[in-house]
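Subject: Structure for you to look through

Dear colleague,

I am handing over the structure we spoke about, together with some notes on its side-chain contacts. Please open it alongside this message.

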Amino acid sequence: MRLSTAGGRSPAVRIARRAAFTVAAIAGLGVAAPGFAQGAHEVLTRAAEAARTLNYSGTIVYQRGNTMESSRIVHVNEAGDEQEKLVSLDGPAREVIREKGEVRCYYPDAKTVRIEPRTFRNAFPALSPQQQGSLVNYYTMRAGEGGRVAGIDAKSWRFEPKDGLRYAHEFWTDPATGMLLKARILSERGEVVGQYAFTDLAIDPKLDRAAANPTWSPAPANWRVRQMKLESSELTETGWMVAKPPAGFVRIMEGRRGVGDRLEGLTQIVYSDGLVAVSIFVERRGGAQRYYGKARQGGINQYSVRQDDYVITALGEVPAETVRQFATSVARR
């Protein structure tokens, strides 16, 4: 079954797909828990710091199942003020600007700009002590064989799951700068279900901030501006809960989404085990969502159920059983 619907993807699928792979690929590199090898802790901490503080540009290739896409990235940090520009190089034209807690997505073919709060950092979000403990309890970490990535002799690290509720993850880092160069998600059968990698990377302390500026103004003339609103990017009570989340996953975000000043449209709850994020959406029936049960696209598994007048959808780059457990455990508070 497809993730898309006859009328296009539901709001839940569109929102989660933008976040799912990035969080899944690199969330766990922000910090390592006590009990991991000291050398690995230092490497991963360096990777987190490099992604935030270095000025760099490069080309990233994303792979999800049999689908691949490439983007050009520019990241600038001036005295702690970050700005990032991501431009798609194939498929429909798209430019994404991330700065000051906001994400602006420009779609020039459709003359549309979508503005929304930045609910996830694109790299290395903070991890709670509970999540750090999850890395010890639910994954085994070991050094990999390394290899060349973007012309750099990289070191690699592998997180192997201890149960059937999560996938294995591999990371490659630059020994000189600590920069994350490649991230891969592997299925239970060892197949690559998701991957991103730099094909070229230039680290330039003098990179001009103008290189990360948007091509268009914040609200271009004759364009449609869609201002999305999120009540909270942290833990706001929405009236919904996951009664029995899969072991090792903790709630990291809860809020309501809407357009403009309206917030009644969509509830979003996000759980993480420290390496991967699973999004749960609750929306009223009658919208774009027309499929129920399980679905899959690349490494993203989805499970949707009906509950009274609502559709509950859980999705993420985890095994199908994990999203099923999430979706069927959602209840009113």
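Predicted model: local features only at pLDDT ≥ 70, side-chain atom pairs only at ≥ 80, totals over all residues.

Residues are numbered from 1 along each chain as its sequence is written, and side-chain values use heavy atoms, with hydrogens and water left out.

The cores come first. A nonpolar core here is a set of buried Ala, Val, Leu, Ile, Met, Phe, Trp, Tyr and Cys residues joined through side-chain atoms within 4.5 Å, where buried means under 20% relative accessible area, exposed means over 50%, and partly exposed is in between (1.4 Å probe, protein chains only). The largest such core has 44 residues, and those with the most contacts inside it are Ile280 and Phe326. Leaving aside residues up to four places away in sequence, Phe326 is in contact (heavy atoms within 4.5 Å) with Val242, Pro245, Pro246, Phe249, Tyr271, Val278, Ile280 and Ala314. Another core, of 5 residues, lies apart from it and includes Ile97, Tyr106, Ile115 and Trp223. In soluble globular proteins, nonpolar side chains tend to be buried together.

Ile73 is found in strand β2 (residues 67–78); helices (H or I, at least four residues) and strands (E, at least two) are DSSP runs, numbered from the N terminus. Ile73 is buried, at 6% relative accessibility, and its contacts, again not counting residues up to four places away in sequence, include Tyr56, Ile60, Leu86 and Phe198. Lys85 is also touched by Ile73, and although the two are 12 residues apart in sequence, their C-alpha atoms are 5.7 Å apart in space.

Counting as a salt bridge any side-chain nitrogen of Lys or Arg within 4 Å of a carboxyl oxygen of Asp or Glu, the total is 20. One of them joins Glu321 to Arg324, with the closest N and O atoms 2.8 Å apart; because these residues are 3 apart in helix α4 (residues 320–329), about one helical turn separates them. Another joins Arg142 and Glu160 at 4.0 Å, N to O, and this pair links distant parts of the chain, with Arg142 in strand β7 (residues 139–143) and Glu160 in strand β9 (residues 152–161), 18 residues apart. Arg142 is partly exposed, at 44% relative accessible area, as is Glu160, at 24%. Through shared partners, salt bridges join Arg142, Arg158, Glu160, Glu170 and Arg184 into one network.

For the rings, Phe, Tyr and Trp (its six-membered ring) are taken to pair if their centres lie within 6.5 Å, with planes under 30 degrees apart counted as stacked, over 60 as edge-to-face and the rest as tilted. The whole structure holds 9 aromatic pairs. Trp240 and Tyr310 form an edge-to-face pair, 5.1 Å centre to centre with 70° between the planes; Trp240 lies in strand β14 (residues 240–242) and Tyr310 in strand β20 (residues 310–316), so the pair ties together parts that are 70 residues apart in sequence. Tyr271 and Phe326 form a tilted pair, 5.3 Å centre to centre with 55° between the planes, and both of these residues are buried.

With best wishes
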